[in-house]
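Q: Can you walk me through a few local features of this one? I'd like the cut-offs stated as we go.

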Amino acid sequence: MANDASTVSDARPPAVSNDLLADPFTPPADSTLWRTNFLLGAATASYQIEGAVNEDGRLPSIWDTFSATPGKVLAGDTGAVACDHYHRWEADVDLLTSLGLEGYRLSVAWPRVTDAAGKPNRKGLDFYKRLLARLKEKGIQTFVTLYHWDLPQHLEDRGGWLNRDTAYRFADYADLISRELAGMVDAWATLNEPWCSAYLGYGNGHHAPGLADGRFATQAMHHLLLAHGLAIPVLRANDPASQKGIVANIGRGTADSDSAADRRAAHLFEVQHNAWILDPLLKGEYPQDLFELWPGTEPLVLDGDMQTIAAPLDFLGINYYFRTNVASDGARGFRDVPLEGVERTQMGWEVYPDGLRDLLIGFNRTYANLPPIYITENGMASDDKVVDGRVDDTQRISFLKRHFSAVDQAIKAGVDIRGYFLWSLMDNFEWAFGYERRFGIVHIDYSTQKRTVKRSAECVAKFLKERQARI
């Protein structure tokens, strides 16, 4: 999941138009999403759904430690049980298949598959082998993320991502997993949202491990990106038939006025949210504006690091959720200026599909070597409830249709976008917000673990069935 740092609003979703109720989801006939080679899937992450944190040799992660610390997670929730996917994975794959989804993005829990010495934990590896084998048997394309934030606690005890050695331990982990799972994975992503890992984990303390220092954030980011760069050639050697990439969360920044100072503030917002990650990956350098915004936070960079980080990618995963409206802070930075009267989700995030389109088109102009793109996460949280056996998540249906349109517009403007993954397949542990915020297209009753397909999932399934019928 993307940036949880925004202030949560109690704003209610807007009334739904009659047009939406009449045609709730299906893209228009000329939409590029009707192409059968455009992959449509759903995404999850290990700590958010698996549970079973103390079973079969799994070691503690930084999120086990963080969520067990009073005051860190809403309502004291933890991922100890989550969606119990570790025990219910077969039924969850059947559910995924029943919806007609063509791809599944999941992550491997690093603490589940290795011991403290980095040696393989066979029981943990076997879980992922069984899961991936079943997905392939069902004809579902597999996108596997190696790191979705659940760093083994024993590595954090040695400095975590502030310790350069963690990057080398990640490369060892990537080597082990890609050898064990070779041939079962269609696409590997090294990291999910390094912005969140670095900034929320080490810059403002909102996420595990809960440290808050600007210098920590930039150094953690450098080691995360170095880990990515070290892993790419390992993945290429061990599993040559698969795609290799990384997943970045992007944010649209807009200026509160047309003044030069506010336009500069919006630029700096996007520098720290987007270019901080994409420039090293695609240009081999950090944006200098970043250190004008955060002076004195330059990371320690050794010879050859930037060349390693800029290893060629087969794809770039993009996660998008909302925009942030900003104004100059009167100094060198920016401050958030929340807009009034706009549609927001349960997270308090503004619904702004144009931001996704604008950013994708802008990246295509900025980076000459922009690889093919998958939208690896897009979705929204709402306060969904089961009523008479159904979940009528009308705002989510509208949200998805409008973001599908934004993707279609970006494709028509020349951006090479190959697929889209809904966040998320099921309601789950939403990091510092625990279980209150529901992002799934499948509802989870956490007291019984009952799965209930939401109306949004029914709409997606209907569209996929109609698309398949056109072949």
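A: What follows covers a strand, the cysteines, a helix and a loop serine. This is a predicted model, where local features need pLDDT of at least 70 and side-chain atom pairs count only at pLDDT 80 or more, while totals for chains, interfaces and linings use all residues. Residues are numbered from 1 along each chain as its sequence is written, and side-chain values use heavy atoms, with hydrogens and water left out.

Q: Start with β4. Why is strand β4 described as largely enclosed?

A: Six of the six residues of β4, residues 187-192, are buried, so the strand is largely enclosed by the rest of the structure. Buried means under 20% relative accessible area, exposed over 50%, and partly exposed in between, with a 1.4 Å probe and protein chains only. Strands are DSSP runs of E with at least two residues, helices are runs of H or I with at least four, and both are numbered from the N terminus.

Q: Which strands pair with β4?

A: Strand β3 (residues 141-147) pairs with β4 in the parallel sense over four bridges, and V144 stands opposite W188. Strand β5 (residues 243-255) also runs parallel to β4, joined by four bridges, with Q243 as the bridge partner of A187. Pairing here requires that DSSP finds at least two bridges between two strands.

Q: Switching topic: how many disulfides?

A: The count is zero, taking a disulfide as a pair of cysteine sulfur atoms within 2.5 Å. For C196, the closest cysteine sulfur is in C83, 19 Å away, which is too far for a bond.

Q: And is C196 buried or exposed?

A: C196 is buried, at a relative accessible area of 1%. C459 is buried too, at 10%.

Q: What about the length of α10?

A: Helix α10 has 25 residues (214-238) and should span 36 Å, which agrees with its end C-alpha atoms being 36 Å apart. The expected span is 1.5 Å times one less than the number of residues.

Q: Where does α10 bend?

A: At A231, by about 25°, with the proline P233 following within four residues. The bend is the angle between axes fitted to the seven residues ending there and the seven starting there. At the start of α10, a side-chain oxygen of D213 comes to within 2.8 Å of the backbone nitrogen of R215.

Q: Last one: where is S382?

A: S382 is in the loop between β8 (373-378) and α15 (394-412). At 10% relative accessibility, S382 counts as buried.

Q: What is S382 in contact with?

A: Leaving aside neighbours within four places in sequence, S382 is in contact (heavy atoms within 4.5 Å) with Q346, R396 and R438.

Note on methods:
Polar contact = N/O pair within 3.5 Å; in protein donor to acceptor, adjacent residues only side chain to side chain.
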